[in-house]
Amino acid sequence: MTKISIIGGDLRIVKLAEMLLSDGFELYTYGLELADSIEKNEAIIKCQTIEEVVEKSSIIISSIPLSSNEEKVNMPFSEQELTVEELIKHIEGKIFIAGRIKEEIYNKVTNAKIIDVLKREELTVLNTISTAEGAIQIAMEETTKTLHGSNILIMGFGRVSKILSNMLKGIGANVYCETTKVVNCSWIKAYGYKPVLLSELKDCLGKFDVIINTVPHIILDDTNLDLVKKDCVIIDIASAPGGVDKHAAKERNLKFIWALSLPGKVAPITSAEFIKETIYNVLKEIK
């Protein structure tokens, strides 16, 4: 029976642990003691120290992302705290799997196989589904209009925005896609959306009921936010620093939501299944 140690993580990791146990793995955990399903399951061995949990197996799974502040490991189901620095001291000689792992960790740990699952194409693509659904859920909750018939701008034309645009079109929204590339305009038209070049964004910002950003650098700055309708709902699903000047949005009393880590919030079971699938692919490749 293969042994796996799990350190910290959100509800996705809790669900992942349950799935791995069902698949026949021997599980050891640390930093999940507040998760009822973990605590009550006698088949899962709860370790009291970081040293103990790491010693138990050669495969270590930790949080996705590993840290929110680059200092402490994400452990929302624990009253304990563990620094990233302390964790990486213990992963020498191990297979270490987590998300959004900083480059400096690769440099500090030389005798370990470090896998960042958020860099895996299969997980990135699958996560776009729950991310898109989560963004639509927020838009429905925050706007006073139906999305059907609304003018919705998606900033960026990458993986998430393509899935999101397709879903929004399916419920009858008027979908506009912002892009920096002229060639993308043809694809946007081919899909049945309306293209907006970044250089022309200022000319049409005032027409949108909902704006959803997928680009991780500021586009809706002080100047552009002055052009947005006062009742427009702005949702930013991009990682830091996001695409919206948060201070400027607050100053203008605009309805702004920075929605990070949507897969884990809106569909933890499905996300756990995607993570499990990706981990199995990783382990097959290593062996």
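Biologist: In which sense do strand 8 and strand 9 pair, and over how many bridges?
Modeller: Strands of a sheet pair through backbone hydrogen bonds, either parallel or antiparallel. Strand 8 (residues 174-179) and strand 9 pair in the parallel sense, over four bridges. Two strands pair if DSSP finds at least two bridges between them. Within strand 9, Pro195 is the bridge partner of Cys177. This is a predicted model, with residues numbered from 1 along each chain as its sequence is written; local features need pLDDT of at least 70, side-chain atom pairs count only at pLDDT 80 or more, and totals for chains, interfaces and linings use all residues. Side-chain values use heavy atoms, with hydrogens and water left out.

Biologist: What is the strand order of the sheet that holds them?
Modeller: Strands (E, at least two residues) and helices (H or I, at least four) are DSSP runs, numbered from the N terminus. The order here is 9-8-7-10-11-12, an open sheet of six strands with parallel pairing. Strand 9 (194-197) and strand 12 (255-258) are its edges, each pairing on one side only. From one strand to the next, the twist averages 20°.

Biologist: Which strands does helix 6 touch, and at what angle to strand 11?
Modeller: Angles run from 0 to 180 degrees between N-to-C directions, with axes fitted as lines to C-alpha atoms, for helices over the stretch in contact; contact means heavy atoms within 4.5 Å. Helix 6 (residues 121-142) packs on the sheet against strand 10 (210-213), strand 11 (233-236) and strand 12, its direction at about 155° to that of strand 11. Helix 8 (residues 182-190) packs on the sheet too, touching strand 8 and strand 9, at about 165° to strand 9.

Biologist: Is Tyr193 buried or exposed?
Modeller: Buried means under 20% relative accessible area, exposed over 50%, and partly exposed in between (1.4 Å probe, protein chains only). Tyr193 has 6%, so it is buried. Tyr193 sits in the loop between helix 8 and strand 9. Beyond its neighbours within four places in sequence, Tyr193 contacts Lys162, Ser165, Asn166, Lys169, Val175, Cys177 and Ile188.

Biologist: Which residues touch the most other members of the largest nonpolar core?
Modeller: In soluble globular proteins, nonpolar side chains tend to be buried together. A nonpolar core is a set of buried Ala, Val, Leu, Ile, Met, Phe, Trp, Tyr and Cys residues joined through side-chain atoms within 4.5 Å. In the largest, of 28 residues, they are Ile6 and Ile97. Strand 1 (3-7), helix 1 (11-22), strand 4 (59-62), strand 5 (95-98) and helix 12 (268-286) each give two or more residues to this core. Apart from it lies another core of 24 residues, including Ala135, Ile136, Ala173 and Ala259.

Biologist: How many helices and strands does the protein chain have?
Modeller: The chain has twelve helices and twelve strands. Buried residues make up 50% of its 287 residues.
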